[in-house]
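Here is a short briefing on one protein chain, written for a first look at its fold. Keep the sequence and the 3D view open while reading.

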Amino acid sequence: MSKMDSKMQKISMSLIYRGKEIFKPMNTGWIDEHVACIREWVANIFFYTKNGTTIMIDAGYNYERLREKMEWLKIDPSEIRHILITHQDTDHIGAVERDSDGLFKQAKLYIGEIENRYMTGEVKRKVMFRTMNLSKVISDNERILLKDGQIFTIGDIKIEAILVPGHTWGHMVYLIDDEYVFTGDTIWFGADGGYSFINALAEDNELSIKSLEMLEKNLRRREKDFKVITGHTGWSDDLDFVFAHRTEVCNSFHNRTPHDPTAPYDGYDEKDDTREKARGSLLPKAYALPNVTGRKGRNG
Ligand SMILES: [Fe+2]
């Protein structure tokens, strides 16, 4: 099922989103000493490593080059025993669906208890302004169900689950070691900062905006520095950039304003993602482009 969905997305979404500057995935590589990233067409999945334990954040598409790209990063799939799932869409859970290559059969999935209702069939996942149902995801991996605000540890890694409904009803953001914020499909970075994620893919865009407001308050009251890492548009350590347009939704049907010359013409074209680059310099962060007006945005 997910194999077919993944292939369909590669074909149809590549055509639909060409030149739209909607998907701006990072190439495969490292953000810093703890966080590695793999590119799967337009999506990114992540690995967080600390004191000999590596966990995975999201499981991406049902993607045939995952093993190969993990080797670029020297991460062994058999060492992955814990996978945090932000939400159960097929570009975030594909590698643990029943018809996947089974690289992570031994891994436990951590998923919100509300999000899990899609997987039990209690709730249907709807997109295109709730006019289209997506097919049910089937995974045989053990699942640990999480509540909003739940804090737990895996090895020496501290994880806090923060419920951010909107894109899906049970979407979780994961705050790791009080510093790394994995946002899944909560925030979309444009050339002038962050917006609520793509309108046509949300269950409820107004709820998404409310969740973003709560997330911003939650992070700012901690008075710390964060690395905010998105599922499709890169990362930033500048909260002003991250939340610059949090009351606005990314409209996937309009041409982008301001134009972002760094966005790939076709996010599904992976020619730019190579082993040599993955082992080279660290992945650059997203930033507000010069001459772009937004609520504050720092260059560099
Ligand atoms: Fe996604």
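Phe46 touches Val35, Ala36, Cys37, Ile57, Asp58, Phe182 and Ile229, leaving aside residues up to four places away in sequence. The model is predicted. Phe46 also belongs to the largest nonpolar core, which has 74 residues.

**The nonpolar core**

- Among the residues with the most contacts inside this core are Phe46, Ile57, Phe182 and Ile229.
- Ile83, Val173 and Tyr174 are also in that group.
- Three of these names, Ile57, Phe182 and Ile229, are found in the contact list of Phe46 as well.

- Strand E2 covers residues 35-40 and strand E3 covers residues 43-50.
- E2 and E3 run antiparallel and are joined by 6 bridges; one of the bridge pairs is Arg39 with Asn44 of E3.
- E3 is also antiparallel to E4, with 5 bridges between them, and Lys50 has Thr53 of E4 as its bridge partner.
- Strands of a sheet are held in pairs by backbone hydrogen bonds, and the pairing can be parallel or antiparallel.
- E3 is largely enclosed by the rest of the structure, because 6 of its 8 residues are buried.

- Most residues other than glycine have a negative phi.
- Trp41 is not a glycine, yet its phi is positive, about 55°. Trp41 sits in the turn of the hairpin formed by E2 and E3, which has 2 residues between the strands.
- Asn51 is not a glycine either, and has a positive phi of about 45°. Its place is in the loop between E3 and strand E4 (53-57), and this hairpin too has 2 residues between its strands.
- Is Trp41 buried or exposed? Trp41 is buried, because 23 other C-beta atoms lie within 10 Å and the cut-off for buried is 20 or more.
- Asn51 is exposed, because it has 7 other C-beta atoms within 10 Å and the cut-off for exposed is 12 or fewer.

**The sheet with E16 and E17**

- An open sheet of 6 strands has the order E10-E11-E12-E13-E16-E17, and its pairing is mixed. Its edge strands are E10 (151-154) and E17 (235-236), each of which pairs on one side only.
- Strand E16 (residues 227-230) pairs with E17 in the antiparallel sense over 2 bridges.
- Ile229 has Trp235 of E17 as its bridge partner; Ile229 is also one of the residues that Phe46 touches.

- Helix H1 spans residues 2-17, and Ser2, Asp5, Ser6 and Gln9 are buried in it.
- An α-helix has 3.6 residues a turn, so residues three or four places apart point the same way.
- The buried residues of H1 pack against helix H3 (90-93).
- After H1 comes Gly19, with a positive phi near 75°.
- Asn205 lies in helix H5, which spans residues 205-220. Asn205 counts as buried because it has 21 C-beta neighbours inside 10 Å.
- Which residues does Asn205 touch, not counting those up to four places away in sequence? They are Gly166, Ser196, Asn199 and Val249.
- Asn205 and His167 are 38 residues apart in sequence, and their C-alpha atoms are 7.1 Å apart in space.

**A cis peptide bond**

- Most peptide bonds are trans.
- The bond from Thr257 to Pro258 is cis, with omega near -5°.
- Pro258 is in the loop between strand E18 (245-249) and helix H7 (275-278).

Terms used. Residues are numbered from 1 along each chain as its sequence is written. This is a predicted model: local features need pLDDT of at least 70, side-chain atom pairs count only at pLDDT 80 or more; totals for chains, interfaces and linings use all residues. A nonpolar core is a set of buried Ala, Val, Leu, Ile, Met, Phe, Trp, Tyr and Cys residues joined through C-beta atoms within 7 Å. Two residues are in contact if their C-beta atoms, placed from the backbone, lie within 7 Å. Helices (H or I, at least four residues) and strands (E, at least two) are DSSP runs, numbered from the N terminus. Two strands pair if DSSP finds at least two bridges between them.
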